[in-house]
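This report describes selected features of one protein model.

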Amino acid sequence: MVIQFYCTRQEKKSDIFPMKSTIKILVTFAFILCISVTSAQDTRLLRQPSIQGNLITFSYGSDIWTTNLTTNLTTRLTSTQAVESNPHLSPDGKWVAFTSNRSGSSAVYVVSTKGGEAKRLTWHTSGNIARGWTTDGEHVLFASSRDAAPSRFNRLYTVSIKGGPATKLFEQWANAGSYNSNGTKIVIDRMSRWDVEWRDYRGGQNTPLIIVDLKTLQETLIPNNKTTDINPIWIGDKIYFLSDRTHTSNIWSYNTRTKAVKQITKFKGTDVKSLGGDKNNLIFEQNDFLEFLKQKNTQKNEPEKQADQLTLLKAL
C-alpha cells in the first residue's frame with residue numbers, strides 16, 4: 001500500500017500576486033486541504049495497528065492514521081511535531097485513543113475517527129501510555145508510573161473519555177492489558193522492557209502473562225518458560241499474544257477453558273512486532289507491513305474451534 005496525497009488547491013493569478021507569494025500560498029493550501037487515499041501497493045513502516053470492524057488505525061511517521069478497509073480511504077488524524085503512537089480504536093469505532101508527547105511528557109489523548117481536535121485526558125507529569133479501552137467504551141485504559149516509589153514501574157489505570165481523575169485498577173505491576181468480553185477479568189503483561197529488540201532474551205524481565213479477576217484479584221499465570229510474551233489480546237475464550245518461543249516472535253493463543261497454548265503464525269526470521277484485534281479479527285505488524293488474520297465461519301456448536309480458524313490476509 002502506497003499512501004498517496006491527492007490535493008485540492010486554490011489557484012491565484014500571477015498578475016495579482018507575485019510568483020513567489022503565489023507558490024507559497026498554493027503550497028499552504030495544498031498542505032491544508034490534502035486528502036489522503038490508498039492504492040493497493042506497498043507502504044512500509046506502518047506501526048502499532050488496531051482494528052474495529054472495517055476500520056483500522058495505525059501510527060506512521062509519528063502521526064495517527066485510519067484506513068477504511070471497505071473504501072480503502074486513509075485519513076490522517078494528527079499532524080504535529082510530536083511523537084504520537086499507540087493508537088487504539090474504541091469498541092464502537094468512533095474514537096481513537098493514543099499517546100502523544102506534544103505537551104512535553106507522554107499523555108493520553110482521544111480524537112474522533114472523523115477528524116477534529118484531539119482532547120487530552122491525562123495530566124500527570126509521569127508518563128502515560130494508551131493501552132486500550134474498557135469493554136463499554138466509556139474509559140481509556142492506560143499505563144503510568146505515577147505514585148510508584150522508590151523505583152518506577154507501571155500500573156494500569158482508566159480515565160473517562162469525558163475527562164476527570166484516573167482510577168487505578170490494582171496494585172500489581174502492569175504495562176499492558178486486555179479485558180475479557182464482559183470486563184470482569186483482564187490479562188496483563190507486567191513488565192516494561194528496557195530493550196524490546198533483544199532477541200532470544202531469557203532474563204528476569206521475562207515474566208508470565210497474568211489473568212487477573214477484577215473482583216477477587218485472583219491471578220492465573222499463562223504458561224511461560226522465560227520467553228518474551230507480550231501484547232495480549234483477549235478474544236472470546238482465547239488470549240492471543242506475541243511470543244518468541246520459536247526464537248522468532250509469532251502469534252500464539254492460550255485457551256482459557258482448556259489451558260492449551262498453540263502457535264498461530266509461523267514466520268521465520270522476521271518478528272511480529274505488534275498485535276491488535278476486535279471480536280472477529282487480529283491485525284499485526286510484520287516485516288514493516290500490516291496483515292490480519294480473519295476468522296473463518298464455524299459452527300456455533302464448536303466454539304473451541306472458532307478462534308483458531310483464521311485466514312491470513314493482507315490488511316493494506
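Predicted model: local features only at pLDDT ≥ 70, side-chain atom pairs only at ≥ 80, totals over all residues.

## Strand pairing

Thr-158 stands opposite Thr-167, a residue of strand E14. Strand E13, which covers residues 155-160, pairs with E14 in the antiparallel sense, over two bridges.

These two strands belong to an open sheet of four strands, whose order is E11-E12-E13-E14 and whose pairing is antiparallel. Which strands form the edges of this sheet? The edge strands are E11 (128-133) and E14 (167-168), each of which pairs on one side only. Strands of a sheet pair through backbone hydrogen bonds, and the pairing may be parallel or antiparallel.

## Nonpolar cores

The largest nonpolar core consists of 12 residues, including Ile-233, Tyr-240, Leu-242, Phe-267, Leu-275 and Phe-284. At least two residues of this core come from each of the strands E19 (229-235), E20 (238-243), E23 (272-277) and E24 (281-286). Apart from this core lies another, of 11 residues, among them Ala-97, Trp-133, Val-140 and Val-159.

When neighbours within four places in sequence are left aside, the contacts of Leu-275 include Ile-233, Tyr-240, Leu-242, Ile-251, Leu-282 and Phe-284. Leu-275 is also in contact with Pro-49, Asn-231, Phe-241 and Ile-283.

## Aromatic pairs

The structure holds six aromatic pairs. One of them is formed by Phe-98 and Tyr-109, a stacked pair with 5.8 Å from centre to centre and 20 degrees between the planes. Phe-98 is found in strand E8 (residues 95-100) and Tyr-109 in strand E9 (residues 107-112), so this pair ties together parts that are 11 residues apart in sequence. Phe-98 counts as buried because its relative accessibility is 0%, and Tyr-109 counts as buried at 5%.

Phe-267 lies in the loop between strand E22 (261-263) and E23, whereas Phe-284 lies in strand E24, so the pair ties together parts that are 17 residues apart in sequence. Both Phe-267 and Phe-284 are buried, and both are members of the largest nonpolar core.

## Arginine over aromatic rings

Arg-102 lies over the face of Tyr-109, at 4.8 Å from the ring centre. A further arrangement of this kind involves Arg-146, which lies over the face of Tyr-157 at 5.1 Å from the ring centre.

## Positive phi angles

Where in the structure does Asp-200 lie? Asp-200 is located in the loop between strand E16 (185-189) and strand E17 (210-213). The phi angle of Asp-200 is near 60 degrees, a positive value in a residue other than glycine.

Asp-288 is situated in the loop between E24 and strand E25 (289-295). With a relative accessible area of 29%, Asp-288 is partly exposed.

Notes:
Residues numbered from 1 in each chain as written. Heavy atoms only, no water. Core = buried A, V, L, I, M, F, W, Y, C linked by side-chain atoms within 4.5 Å. Buried < 20%, exposed > 50% of the residue type's maximum accessible area, 1.4 Å probe, protein only. Contact = heavy atoms within 4.5 Å. Pairing = 2+ DSSP bridges. Phe/Tyr/Trp six-rings, centres within 6.5 Å; stacked < 30°, edge-to-face > 60°. Lys NZ or Arg CZ within 6 Å of the ring centre and 35° of its normal.
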